[in-house]
Amino acid sequence: MAEVSLAEIECAQVAIAPYVRHTPLIPAPSLSGDQTGVYFKLEILQDTLAFKLRGATNAVLSLTPEERSRGVVAVSTGNHGRGLAYAAGRLGVKAVICMSELVPDNKRQAIRDLGAEVCIHGRSQDEAQVEADRLVAEKGLVMVDPFDDPRVIAGQGTVGLEILADLPDVNSVLVPLSGGGLIAGVAKAVKSTPRPVRVIGITMDQGAAMYESQKAGKPVPVAEHASLADALGGGIGLENRYTFDMTRDYVDDMLLVSEEEIAAAMKHLYWRERLVVEGSGAVGVAAILSGKAEALGAKAVVVLSGRNVDMKRFTEVVTT
Ligand SMILES: *Cc1c(COP(=O)(O)O)cnc(C)c1O
């Protein structure tokens with residue numbers, strides 16, 4: 001079984017500290033009651049607007065000098081591509097982000113603005129992946145997977161170390177779940193304390209790749225559906241090496257939330273807590289508001305993982 005060690009997460013924490021924010025942990029009065037005090041882990045405050053900067057920065061810092069000179073490549077239009085572009089740019093490493101022709105101009109430009117080279121190839125994510133694989137094979141670029149990469153998992157796990165440092169008596173942690181890089185790292189980190197800490201993964205109820213895969217006992221493909229939680233779409237990779245095993249071994253529970261519940265959570269976060277959070281980042285709050293998250297104990301932390309949301313779309317969601 002392949003997994004990332006606590007020592008690797010601790011090394012990542014030291015390595016990325018100069019580049020990545022130790023984000024605040026703040027009380028969430030509107031979700032707290034007699035039984036459970038709820039806290040938000042504000043990964044929305046990370047540069048590039050999401051936690052993915054942690055794993056991307058650790059991946060770039062882990063390169064050998066020779067790899068550094070060749071550069072990194074990823075297939076992503078979202079928060080991983082943004083994080084890797086930014087991290088590589090700051091560290092003086094070339095980054096190429098591959099995407100399909102169908103990706104709109106504003107998203108291409110946003111990646112360029114962060115300092116990366118955009119390569120457009122084919123009409124699907126899979127075709128863009130073929131081009132990225134070619135850059136690895138022919139130009140020696142280093143592929144950085146958005147979740148199934150030990151350097152990335154270790155970087156995301158630093159969220160868990162910060163939670164333990166800021167709230168040592170935490171009882172449960174609610175983590176948005178897609179490919180599982182975030183939850184694998186966070187679960188490994190928070191399970192390092194002798195006290196029991198429950199780790200709960202939350203994702204949308206259509207196309208929940210990790211949920212379906214765990215149910216099947218092996219990685220399975222899922223159909224993609226449009227969702228308010230667009231950063232949670234996609235498969236976990238049929239050749240998954242790390243996050244499937246680590247989710248099976250360290251995650252206590254997985255919950256699914258509906259589109260209506262995600263919208264309600266975005267509204268709640270905005271109107272009651274005055275926070276702008278993208279759908280993917282709001283699923284933990286959706287699980288609490290819907291009553292699906294149970295037995296959270298006296299202190300529960302909800303990771304608000306990102307705020308990279310189109311503001312026109314966001315305004316529609318929170319005003320209807
Ligand atoms: C990528 C992402 C997630 C899911 O992270 P995984 O490591 O793929 O499970 C959650 N929220 C946001 C905002 C993301 O960008």
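This is a predicted model: local features need pLDDT of at least 70, side-chain atom pairs count only at pLDDT 80 or more; totals for chains, interfaces and linings use all residues.
View 1. A polar backbone atom of Gly 179 lies 2.9 Å from an oxygen atom of the ligand. Ser 305 has a polar side-chain atom 2.7 Å from a nitrogen atom of the ligand. Taken alone, the ligand exposes 380 Å², and the protein buries 98% of that; the areas come from the Shrake-Rupley method with a 1.4 Å probe, and for residues only the protein chains shown count as cover.

Residues are numbered from 1 along each chain as its sequence is written. Local features need pLDDT of at least 70 and side-chain atom pairs count only at pLDDT 80 or more, whereas totals for chains, interfaces and linings use all residues, and side-chain values use heavy atoms, with hydrogens and water left out.

**View 2. The shell around the ligand has 16 residues.** A residue is near a molecule or strand if one of its heavy atoms lies within 4 Å of it. Lys 52, Asn 79, Ser 178, Gly 180 and Ser 305 come nearest to the ligand. By class, the shell has 6 nonpolar, 8 polar and 2 charged residues. Here Ala, Val, Leu, Ile, Met, Phe, Trp, Tyr, Cys and Pro count as nonpolar, Asp, Glu, Lys and Arg as charged, and the others, Gly among them, as polar.

**View 3. Ser 172 is part of strand E7, residues 172-176.** Helices (H or I, at least four residues) and strands (E, at least two) are DSSP runs, numbered from the N terminus. Ser 172 counts as buried because its relative accessibility is 0%; buried means under 20% relative accessible area, exposed over 50%, and partly exposed in between, with a 1.4 Å probe and protein chains only. The side chain of Ser 172 reaches the backbone oxygen of Leu 296 at 2.6 Å. Not counting residues up to four places away in sequence, Ser 172 touches Val 197, Arg 198, Leu 296, Lys 299, Ala 300 and Val 301, where contact means heavy atoms within 4.5 Å.

**View 4. Val 170 lies in the loop between helix H7 (150-166) and E7.** With 0% relative accessibility, Val 170 counts as buried. Its contacts, leaving aside neighbours within four places in sequence, are Ile 163, Leu 164, Arg 195, Pro 196, Val 197, Lys 299 and Val 301. The C-alpha atoms of Val 170 and Ile 111 are 37 Å apart, and 59 residues separate the two along the chain.

**View 5. Strand E10 (residues 299-304) pairs with E2 and with E7.** Of the 6 residues of E10, 5 are buried. Strand E2 (residues 37-42) and E10 pair in the parallel sense over 6 bridges; two strands pair if DSSP finds at least two bridges between them. Lys 41 stands opposite Val 303 in E10. E7 and E10 pair over 3 bridges, in the parallel sense, and Leu 174 stands opposite Val 302 in E10.

**View 6. An open sheet of 4 strands runs in the order E5-E4-E3-E6.** The pairing in this sheet is parallel. Strand E5 (117-120) and strand E6 (142-143) stand at the edges with a single partner strand each, so one side of each has no neighbour in the sheet. Strand E3 (residues 72-75) pairs with strand E4 (residues 95-99) over 4 bridges in the parallel sense. Val 72 stands opposite Ala 95 in E4.

**View 7. Leu 269 is found in helix H11, residues 259-271.** Leu 269 counts as buried, at 0% relative accessibility. Apart from neighbours within four places in sequence, Leu 269 is in contact with Phe 40, Arg 274, Leu 275, Val 277, Ala 282, Val 285 and Leu 304.

**View 8. Leu 49 and Ala 295 have positive phi values.** Phi of Leu 49 is near 75 degrees. Leu 49 lies in the loop between E2 and helix H2 (52-61) and is partly exposed, with a relative accessible area of 24%. Ala 295 has a phi of about 50 degrees although it is not a glycine. The loop between helix H12 (283-289) and E10 holds Ala 295, which counts as exposed at 62% relative accessibility.

Key: A polar contact is a pair of N or O atoms within 3.5 Å; within protein, one must be able to donate a hydrogen and the other to accept it, and residues adjacent in sequence count only if both atoms are side-chain atoms.
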